[in-house]
Amino acid sequence: METAATKKYSAPALEKGLDIVELLSKDSTPLSTSTIAEKLGRSNAEIYRMILVLQQRGYIEKSEDTDGYQVTRKLLQLGTEHEPIKDILEYAQPIMRGLADRTSMSCHIAVESQEQIVVISRVETPSNLSYSVRVGYRRPLIFAASGRILFVNQNADKKESMMKVLKAHHSEDEIKTFLADCKKVAKQGYLKAPSAYVTGVTDLSCPIIDSDHAVATLTIPYIQRIPEIMGIDDVLEELKLAANEISKALTYGLVRKL
């Protein structure tokens, strides 16, 4: 008789559907049916109905520009409807709006999602000129400003488990560069660095702390305007204050923990 430890349950149809959603969530570009089938090692016929059902239920959608499919925000919406997350996001919104008003910069909150970070909330600046990151945006944790902040503000056990996941997706050289950057961030307690993806943008990021570890990050993609409205160092100070205010709400139980 199989033991509880070795017993394995199988639901092939569910697994195929989840494979499709997970694949699309990790790829920033829409994928065609044939590409999805190829990447998953399945035939077009095997996944065709799955794609139709996922589309009907609103989990994926067809891109307007290509024949490919991409994930919608439905999964993210389901996640943020979980009471603790909904609670902290509602509390953070007025703080983020105040931050955007004072600095004339957009800001966003990101959390860890396996080997990636995902943006779960953002506030636009009232200024006519800004740069922002959309809700639902994903990026490999190892390359993200938020990823460095999240990693350095964890205990040893959590860091070890994160490293196992990262090593499964990245090269040794990428890991070494990431850890070297993390040492600098750990000394500062915040991140201030040129964006690795957009010229002219400086990433400013601070941790949102629950007692002794980061559960999220608050980030501003800083752009220098002419004339300058607020200098980058002043914007960073405002960001620190806002992140600290949200952190206190978690630490002192003003909102339910993430």
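How many bridges join strand S3 to strand S8? Three bridges join them: S3 covers residues 107–113, S8 covers residues 213–223, and the two run antiparallel.

## The model

This is a predicted model, in which local features need pLDDT of at least 70, side-chain atom pairs count only at pLDDT 80 or more, and totals for chains, interfaces and linings use all residues. Residues are numbered from 1 along each chain as its sequence is written, and side-chain values use heavy atoms, with hydrogens and water left out.

The protein chain has nine helices and eight strands. Helices (H or I, at least four residues) and strands (E, at least two) are DSSP runs, numbered from the N terminus. Buried residues make up 43% of the 258 residues in the chain. Buried means under 20% relative accessible area, exposed means over 50%, and partly exposed lies in between (1.4 Å probe, protein chains only). Now take the contacts, where contact means heavy atoms within 4.5 Å. Among contacts between residues at least 6 apart in sequence, 57% join residues at least 24 apart.

## The sheet

Six strands form an open sheet in the order S5-S4-S3-S8-S7-S6, with antiparallel pairing. Two strands pair if DSSP finds at least two bridges between them. Strands of a sheet pair through backbone hydrogen bonds, either parallel or antiparallel. Strand S5 (138–140) and strand S6 (191–194) stand at the edges. Each has a single partner strand, so one side of each is left without a neighbour in the sheet. On average, neighbouring strands of this sheet are turned by 30 degrees against each other, direction ignored.

Ala110 has Thr217 in S8 as its bridge partner. Four bridges join S6 to S7, and these strands run antiparallel. Lys192 stands opposite Leu204 in S7. S6 and S7 form a hairpin with six residues between them. In the turn, Gly200 has a positive phi of about 90 degrees.

## A helix on the sheet and the main core

The largest nonpolar core has 36 residues. A nonpolar core is a set of buried Ala, Val, Leu, Ile, Met, Phe, Trp, Tyr and Cys residues joined through side-chain atoms within 4.5 Å. Ile109, Leu204, Ile208, Leu218, Ile220 and Leu239 touch the most other members. Helix H5 (83–103), S3, strand S4 (116–123), S7, S8 and H9 each give two or more residues to this core. H9 gives the most, with nine residues. Apart from this core lies another, of 21 residues, among them Ala145, Ile149, Met163 and Phe178.

Ile220 is buried, with a relative accessible area of 0%. Not counting residues up to four places away in sequence, its contacts include Leu99, Cys107, Leu204, Val235 and Leu239. Ile220 and Leu239 are 19 residues apart along the chain, and their C-alpha atoms are separated by 7.5 Å.

## Helix H2

Which residues of helix H2 (residues 33–40) are buried? They are Thr33, Ile36 and Ala37. They cover an arc of only 100 degrees around the axis, which puts them on the same side of H2. The arc is that of the directions from the helix axis to the C-beta atoms. The buried residues of H2 pack against helix H1 (12–26), helix H3 (44–56) and strand S2 (69–71). Just after H2, Gly41 takes a positive phi of about 70 degrees.

## The aromatic pair

A search of the whole structure finds one aromatic pair. Rings of Phe, Tyr and Trp (its six-membered ring) pair if their centres lie within 6.5 Å; planes under 30 degrees apart count as stacked, over 60 as edge-to-face and the rest as tilted. The rings of Phe151 and Phe178 have centres 5.3 Å apart and planes at 65 degrees, so the pair is edge-to-face. Phe151 lies in helix H6 (residues 145–152) and Phe178 in helix H8 (residues 172–188), 27 residues apart. Both residues are buried.

## Ser104

Ser104 sits in the loop between H5 and S3. At 11% relative accessibility, Ser104 counts as buried. Leaving out residues up to four places away in sequence, Ser104 touches Thr125, Ser127, Arg225 and Ile229.

Terms used: Axes fitted to C-alpha atoms, helices over the stretch in contact; angles between N-to-C directions.
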